[in-house]
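Visitor: I would like to understand how the two chains shown here meet. Could you take me through it step by step?

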Amino acid sequence: MPDSPPPGELFHFPSGLPGFEQHHDFILSRRAGLDPLVFLDSRHGQGPGFIAVPVEVLDPHYLLRLDEAAAAELLLSPGAYTAAGSRFLAFALLTCIPNEPPTANLFAPVVLNPASGTGAQVLQLDSGYPVVHPVREGASCS
Amino acid sequence: MLVIRRRAGEALVLDGSIEVQILEIAANRVKIGIIAPPAVPVVRKEVVLAREQNRAAANPAAGSLESLARGLREAGWCSPGSTP
């Protein structure tokens, strides 16, 4: 995968995100001192915003599978990919509730293709990756 | 939970208007066909779970994320370009 996402880069999600299908444009950004966290915010002010982390931070051996439909949306080739050497970015969305341990969604990573400016949330069917994956003990949201 | 045994080629009907057909049975998978009115959404349960999790994750309460970021860095992540 590329070393780092450019700050404030716009990505178009043709299908939106599950639960937010009407939102198609998101801005990926980073904030000083908060690496490896990234922020994915709807281009429109009233839309959803998410905190995310590269999947390889949580699982260095994470295997991402792109089926034909997802690959077509992302303008990539279908197949199975590890983080090393891939042309896209893959992030797990974090669920961050005050006073509760944060969790990461490894089942449905957000995949971004910087070359095409497109994104999709790609469900990893039959992968065994959980929707709720505990983030490292000691890490907290507040 | 209502449990019904069906063979390939058989079907069941929900609410008088939704037909679920068992098309094919393999070792660990079942191929299902669904005939439903256009107004009835049909999605995989995994999509519903992803939708619910996205809603829980969206727009987190404002708070310090430094502890979270620090915890992840301590797990071995290094800034791009830095040496592990």
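Visitor: Which elements of chain A do the buried residues of α2(B) pack against?

Guide: Please keep in mind that this is a predicted model. Helix α2 of chain B spans residues 66-74, and its buried residues are B:Ser67, B:Leu68, B:Ala69, B:Gly71 and B:Leu72. On the side of chain A, the elements that these buried residues pack against are β4, α1 and β7.

Visitor: How many residues does the contact take from chain A, and how many from chain B?

Guide: Contact here means heavy atoms within 4.5 Å. With that cut-off, the contact takes 45 residues from chain A and 31 residues from chain B.

Visitor: How much area do chain A and chain B bury between them?

Guide: The size of an interface is often given as the accessible area lost when the parts come together. For this pair, 65% of the buried area lies on carbon and sulfur atoms, and the total that chain A and chain B bury between them is about 3000 Å².

Visitor: Which residue of chain A forms a salt bridge with B:Arg29?

Guide: A salt bridge requires a side-chain nitrogen of Lys or Arg within 4 Å of a carboxyl oxygen of Asp or Glu, and the rule finds two across the interface of chain A and chain B. In the one that involves B:Arg29, the closest N and O atoms are 2.1 Å apart, and the partner is A:Asp126.

Visitor: How many helices and strands are there in chain A?

Guide: Along the sequence, chain A follows the pattern β-β-β-β-α-β-α-β-β-β-β-β. Counting the elements of chain A gives two helices and 10 strands.

Key
Residues are numbered from 1 along each chain as its sequence is written. Chains are lettered from A and ligands numbered from 1 in the order in which they are written. This is a predicted model: local features need pLDDT of at least 70, side-chain atom pairs count only at pLDDT 80 or more; totals for chains, interfaces and linings use all residues. Side-chain values use heavy atoms; hydrogens and water are left out. Buried area is the accessible area (1.4 Å probe) that two parts lose on being put together, summed over both. Buried means under 20% relative accessible area, exposed over 50%, partly exposed in between (1.4 Å probe, protein chains only). Helices (H or I, at least four residues) and strands (E, at least two) are DSSP runs, numbered from the N terminus.
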